[in-house]
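The following paragraphs lead the reader through a structure, from the make-up of one chain to its meeting with others. Please keep the sequence and the 3D view at hand while reading.

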Amino acid sequence: MAAAEFDQVCKRYGDVVGLEGFSLRIADGELVAVLGPSGCGKSTLLRLTAGLEQPTSGTIRIGERRIDALPPHQRDVAMVFQNYALYPHMTVRENIAFPLRMRGVRGAEQQARTTHIAEALDLGAVLERRPGALSGGQRQRVALARALVREPALFLMDEPLSNLDARLRLDVRQYIRALQRRLRVTTLYVTHDQSEAMTLGDRVVVMRAGRVQQVDTPAAVYEHPASAFVAGFIGTPPMNLLHALHTAGTLTIGAQRLALPADHALRVRAADGPLVVGVRPEAFSSDPAAGGLEALIDPTTREILGSETLARGRVGGEAVIVRLPGVVRDIPLRVAAPVAALHCFADDASGARLT
Amino acid sequence: MKRALFHVAGGSAVAASVLLPLALILKQAFTPEAESFAWPPTWLPQQLTGANFRVLFSSVELPYGLQLSLLVGGLTVASTLLVTLPAAWLAARAPAADRRLDATLVIARVFPSIALAVPLAALFVRLGLYNSPAALGLWIAHTLLAIPFAFFVLRTGLRRVPVELEEAAQLDGATPLGAVLRVTLPLAWPSIAAAALLVFLVSWDEFTYALVLQVTNRPLPPLLYYFAAFGYPGTASALAAIMLLPAVVIIALLAPAIRSGGLTGSGR
Amino acid sequence: MVALLATLLAYPVLYAVRLAFTDPLTGHFPSLVNYAQLGRDALFWRAVRNNALLPLASVVVELVVGLALALFLSRRFPGRAALRALVVIPFALPEIVVLTIMRYIFVRRGYANAALAAVGWPALDWLTPGSALAWITVVLVDAWHVTPVMFLILLAALAGIPAEIGEAAQLDGAGPLARFRYMTLPLLRPALLAAVLLRGVDALRIFATPLVLTGVEGVPVLSSYAYHQWSDYGNDAAAAAAALVLALASVALSVPLLRLREAA
C-alpha cells in the first residue's frame with residue numbers, strides 16, 4: 001500500500017491529445033474514481049499508470065518510487081480489465097496464482113495465499129474450473145482475486161462493472177466498496193457511469209477531452225460542479241443549462257428577470273454579460289412560495305417513475321427537465337426554483353463556475 | 001533503437017528470402033541465353049532482351065499450351081461453380097447435410113491427386129478422352145480437384161447471407177428457387193467471384209493431372225516442366241514469368257479472402 | 001447433391017481399387033499380385049520411407065518458420081503490412097514455377113553455389129539423387145513454398161488472442177519469454193494442432209518437388225513412384241496399387257483432422 005502521485009502527465013498521439021497536464025495525489029488507501037465520457041482520457045490514464053503505454057511527459061510516483069519509465073511488471077501495479085482478461089486456458093486457481101508464480105512465490109506460500117484470497121472472494125468452490133465455465137459475477141471476482149493476491153501498491157480498475165447485468169452490478173458495486181475499505185488498497189477506478197463514481201469514490205475526478213474538469217468529493221461534485229460540463233454530466237437527469245444575461249444585479253433568462261441578492265458573487269464581481277445558468281431538475285417545486293426561476297410544464301410529458309415524477313417544460317425558448325418527488329398525478333403547470341439554487345457558469349468553452 | 005534494428009534486419013531477411021528467387025527467374029527471362037549459362041552466374045542482368053519471349057511465341061507449343069490452359073481454366077470455373085453452388089448452399093442452410101459434405105470434401109481436398117490421376121488416365125484411354133486435344137479429360141479432373149476449394153469459399157459466403165432474407169423474399173411472393181437466385185446469390189457475389197478466381201488459379205497451377213493426362217497436348221505447367229528439363233534457361237524462365245502473371249494478379253485480388261482464412265481451409 | 005459429389009469422387013477411386021487388385025496378366029480379380037510385386041521393389045520401400053519422413057520434416061520446418069514469422073509480423077512496426085503481403089507470395093506462385101526457379105538455384109552451376117563461391121566456400125551437390133543433401137533440399141524447397149499457409153493460420157490465431165491477455169500477464173509480472181511460454185503457446189495450441197494436421201495430410205501428396213528437383217529415383221515418394229510405374233513402364237496396376245497405399249494413409253490421417261473440425 002502506498003500513496004500515488006501524478007505530476008503534469010501528458011500523452012499525445014501525434015497531434016491528438018490523450019491526456020493533458022494531469023496532476024493528482026491519491027492518498028494511501030484512498031479510492032479515486034475517474035469519471036468521464038468515452039474518449040475523455042480516463043483509459044489512457046490507466047494504461048499510462050499500468051505501463052502499457054509511455055507518457056509523453058510528466059512523472060508518476062508510487063510512494064517514493066518513480067515508475068513512469070518502468071516496464072509493467074516492475075511497477076507493483078495490478079489491474080482489473082474491463083473484460084477481465086482472465087487466462088482462458090488456466091483454471092481459476094492457476095489464474096489467481098499466476099502473478100505469484102511470476103514473482104517466484106512457490107509451493108506452500110503460493111498455495112496459502114491463493115486459497116486465502118479465493119476464500120475471501122467466495123471462489124473456493126470453483127477453484128478448479130476454467131473461466132469459460134463461470135458466471136459473469138464469478139469471473140469478475142476471479143479478476144479481483146488475481147489482482148489482489150499479490151497485494152499491489154496500487155490497484156487499477158477499468159470499468160469493471162460494465163460487463164455485468166444491471167442487478168448484479170449493484171451487488172458487485174457494494175462488494176468492491178466493502179473489499180476496498182477492508183483491504184485499504186489504494187485504488188484508481190475508471191468508469192463512465194456516474195452512479196458508480198459517486199458511490200465508490202472517496203473522491204471523483206471528472207475528465208473531458210484529456211483534461212481534468214474537477215477533483216472533489218462526490219457531494220461537492222454534485223453540489224458545486226466546477227464547470228458547465230460537470231454540471232451537465234452529473235445527476236440523473238443532469239442539470240438543466242440555460243442561456244442568461246447578467247446586468248447590474250439582474251439575471252435575465254428568457255423573459256424572466258431575477259434580482260440577485262446583494263452578496264451574490266456575480267454582483268460582487270460586477271461581471272456583466274452573457275452566462276450559462278444551471279438548475280437541477282430537483283430544484284424545482286410546485287410550492288408557490290418558492291419564487292425565483294419559473295418553468296412552464298407540458299403535462300403530456302409527465303413520466304411517473306414511482307419514487308419520482310419527471311416532466312418536460314420550458315423556460316423562455318429553452319427546454320428543461322423537472323423532477324418532483326413521489327407520484328405526482330396532477331402535474332402543476334407552473335413550477336419554480338429559488339434563486340439560491342441557480343448555478344452560474346461562464347458562457348465560453350471553459351464553462352467555468354462563476355459563483 | 002535496438003528494437004527498430006531488429007525489425008529492419010528481420011524484415012529485410014524475410015523480404016530477401018521471398019524476393020530473391022523471384023528476381024532471379026525474372027532476370028533469366030529478360031537476359032540472353034548466353035548470360036544464363038555463364039559461370040559464375042550474374043546476379044543483376046548485364047543485358048536486357050525480349051528474345052526469350054519471341055522464341056516462345058514463335059514456337060508451336062506455347063500458343064497451344066496457353067490456349068489449352070485458358071480453355072481448361074475457364075471450363076473448370078463454369079463446371080465447378082455449377083456443381084458446387086447448390087452443394088454449398090445446402091451446407092450453409094442444412095447442418096445435417098453440412099456435416100456429411102464437410103467430411104467428404106475435406107477428404108477430397110487432401111486426397112492425393114496421383115490416386116485419381118492413374119485410374120482416370122486408364123479410364124480416359126478407354127473413353128477416348130486421354131491426351132484429348134481440347135483437354136476434355138483434364139477438364140473433368142480439374143473440376144474434381146477444384147470442387148473442395150470452391151465449396152469452402154462459397155459456404156463461408158453463403159452463410160453470411162441471413163436465411164431470413166430468403167424467407168422474407170418467399171413471403172413477398174418469390175419461389176424458394178427464385179429467392180435464392182434473386183436474393184442470396186447477388187448478396188453472396190463477392191464470395192462467388194473469389195471462388196471463381198481461386199478455381200481458375202487451381203487449374204492454371206495444376207501439375208499432376210496435367211502431366212499424367214496430357215502427355216503430348218500439354219497445357220502450361222507440364223510444358224514448363226518439359227522446357228526446364230530439356231530446354232534453355234532463358235525460354236523456360238520466360239515461360240515461368242508468363243505463368244506467374246495471372247497467379248500474382250489473382251492472389252492480389254484474393255488477398256482479403258486469404259487473410260480471413262477462407263482459402264487455407266482453416267476456417268470451418 | 002451429396003450423393004452426386006460422392007459418386008463423382010468415388011468412381012475413379014473404385015476404379016483404382018479394381019486396377020490395383022486385378023492380376024494384369026490373367027485379369028483375375030481379386031488378386032494381390034501387384035502388391036507382391038511392389039513388396040519386392042526396393043524403390044517402392046524407399047518411396048514409402050520418404051513419404052513418411054519428408055512430410056514430417058517439412059511440417060516441422062514450416063511450423064518453426066511459420067510461427068517465427070507470425071510472431072514477428074504480429075509486432076507493430078512500419079512496413080509490417082507490406083511484409084505480411086510479401087510473405088504470402090511463395091504460396092501464390094504455381095508449384096512448377098517455384099520448382100523451376102529452385103532448380104536454377106540449386107543446380108551444380110546455380111546461384112546457391114555461386115553464393116558459396118563468393119564467400120570462398122566449396123560448391124555443394126544440392127540435388128545429387130539419393131544424397132542426404134538432396135533430401136534436405138527437397139524439404140527446404142517444399143517448406144519455402146507452403147510455409148505461408150502455416151503462417152496465415154498462426155497469424156490469424158495470434159490475432160484472435162485478446163491484447164488484454166498479454167497486458168494482464170505483463171502486469172502480473174510476466175516478461176516476454178514467460179508470456180510466450182504461459183500465454184501465447186498454450187492459447188495457440190488448438191490452432192497449432194489444426195495447422196499441423198492440415199499441413200501434414202496435405203504434405204503426404206508431395207510429388208512435383210522431388211520429381212522435378214531430383215528425378216524419379218533421386219528422392220522417390222509414393223506419388224512419383226506411381227507416376228514412374230505408369231509413365232515409364234505403362235504398368236497401370238502397379239501405379240494404382242502404390243497410389244492406393246498413399247490414398248489410404250491420407251484418409252487415415254484425415255480422421256483426426258475431421259474430429260478436430262467437428263469439435264470446433
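In what order do the elements of chain C run from the N terminus on? They run α-α-α-α-α-α-α-α-α-α-α-α. The secondary structure of chain C thus comes to 12 helices and zero strands, where helices (H or I, at least four residues) and strands (E, at least two) are DSSP runs, numbered from the N terminus. This is a predicted model, in which local features need pLDDT of at least 70 and side-chain atom pairs count only at pLDDT 80 or more, whereas totals for chains, interfaces and linings use all residues. Residues are numbered from 1 along each chain as its sequence is written, and chains are lettered from A and ligands numbered from 1 in the order in which they are written.

Taken along the principal axes, the box filled by the C-alpha atoms of chain C is roughly 75 × 55 × 30 Å. Of the 264 residues in chain C, 49% are buried. A residue counts as buried if 20 or more other C-beta atoms lie within 10 Å of its own, as exposed if 12 or fewer do, and as partly exposed in between, with C-beta atoms placed from the backbone. Contacts, for which the C-beta atoms of two residues, placed from the backbone, must lie within 7 Å, can also be sorted by sequence separation. Among those in chain C between residues at least 6 apart in sequence, 67% join residues at least 24 apart.

C:Arg109 lies in the loop between α5 (95-106) and α6 (111-118) of chain C. With 13 other C-beta atoms within 10 Å, C:Arg109 is partly exposed. Between C:Arg109 and C:Ala123 there are 8.7 Å in space, C-alpha to C-alpha, and the two are 14 residues apart in sequence.

The chains may now be considered together. Two pairs of chains touch, and the pair with the most contacts is B and C. Chains A and B do not touch, and their nearest C-alpha atoms are 15 Å apart.
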